[in-house]
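Please look over the fold below before reading on. The report starts with contacts, then takes up the disulfide, the pocket and some local features.

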Amino acid sequence: MRLLPVVSSTIVALLVAAGSAATGQVTITIGGATGPAGGAVSVPITLSGIAAGGVAVNNAQLDIIFDTAFFETPAPTTDCVPDPRFGSSNGFLASEGLPTVSGVQRIRLSVIDNTEPLGGVTDGLMFTCTLHLKSTATGTTTLTATRLNVGDTSGNVLTSAGVNGT
């Protein structure tokens with residue numbers, strides 16, 4: 001009879017601990033930049049909230065949607081460079097030619113930790129993308145962060161949010 005409360009409180013404590021680890025939110029932020037028409041801008045994409053969440057993160061991905069009236073079609077595999085801390089033993093991917101609606105383009109960026117021990121995706125710079133402005137570009141446009149996917153070392157999807165850039 002006395003074991004039941006001990007077992008119950010242990011299970012509750014484990015559930016609370018598991019729940020609190022997953023309550024942290026990872027934020028992927030697209031930075032802002034300004035440049036002259038016909039020039040290029042360097043846009044940082046950063047990760048934050050990983051350390052505060054207390055969970056070992058294994059992968060992070062986002063799509064960036066942008067207006068083709070402002071930017072030339074990038075070559076994501078060369079125009080978007082992962083932070084050096086994601087060495088050659090880690091996976092990173094910049095995809096191009098993804099489906100979109102007319103007038104916009106999509107770039108998909110992801111980093112995956114492939115080294116032991118897993119969990120090497122940490123707060124800080126994720127990618128830097130060089131975007132080439134069209135010679136006719138004027139004003140301000142939004143770089144939209146969408147289709148975020150952040151996972152821990154067990155394959156669980158973590159809560160994430162995107163911050164758009166300009």
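What share of the contacts in the protein with a separation of 6 or more comes from residues 24 or more positions apart? The share is 72%. A contact here means heavy atoms within 4.5 Å.

This is a predicted model, in which local features need pLDDT of at least 70, side-chain atom pairs count only at pLDDT 80 or more, and totals for chains, interfaces and linings use all residues. Residues are numbered from 1 along each chain as its sequence is written, and side-chain values use heavy atoms, with hydrogens and water left out.

**Overall build**

The protein has three helices and ten strands. Helices (H or I, at least four residues) and strands (E, at least two) are DSSP runs, numbered from the N terminus. The order from the N terminus is α-β-β-α-β-α-β-β-β-β-β-β-β. Of the 166 residues in the protein, 36% are buried. Buried means under 20% relative accessible area, exposed over 50%, and partly exposed in between (1.4 Å probe, protein chains only). The protein exposes about 8,800 Å², and carbon and sulfur atoms supply 59% of that area. Accessible areas come from the Shrake-Rupley method with a 1.4 Å probe; for residues, only the protein chains shown count as cover.

**The disulfide**

A search of the whole structure finds one disulfide, meaning a pair of cysteine sulfur atoms within 2.5 Å. Cys80 and Cys129 form the link, with 2.2 Å from S to S. The link is right-handed, at 120° about the S-S bond. Cys80 lies in strand β4 (residues 80-82) and Cys129 in strand β7 (residues 124-132), so the bond ties together parts that are 49 residues apart in sequence. A disulfide is a covalent bond between the sulfur atoms of two cysteines.

Helix α3 (residues 76-79) holds Thr78, and Thr77 is also placed in helix α3. Thr77 and Ile107 are 30 residues apart in sequence and 9.8 Å apart from C-alpha to C-alpha.

| Residue | Relative accessible area | Class |
|---|---|---|
| Cys80 | 3% | buried |
| Cys129 | 2% | buried |
| Thr77 | 54% | exposed |
| Thr78 | 56% | exposed |
| Arg147 | 51% | exposed |

**The largest pocket**

The largest pocket holds about 240 Å³ of space. On a 1 Å grid over the protein atoms alone, a pocket is an open set of points where a 1.4 Å probe fits, with protein on both sides within 12 Å along at least five of seven lines; lining residues have an atom within 4 Å of a point. Its lining has 17 residues, and the closest to the pocket centre are Ala33, Thr34, Gly35, Leu133 and Gly139. By type, the lining has ten nonpolar residues, seven polar and no charged. Ala, Val, Leu, Ile, Met, Phe, Trp, Tyr, Cys and Pro count as nonpolar, Asp, Glu, Lys and Arg as charged, and the others, Gly among them, as polar.

**Backbone points to check**

Most residues other than glycine have a negative phi, and most peptide bonds are trans. The peptide bond from Glu116 to Pro117 is cis, with omega near -10°. Pro117 sits in the loop between β6 (104-112) and β7. Arg147 is not a glycine, yet has a positive phi of about 50°. Strand β8 (residues 144-152) contains Arg147.

How values were computed. Points joined across faces, edges and corners; volume = space filled by probe spheres on them.
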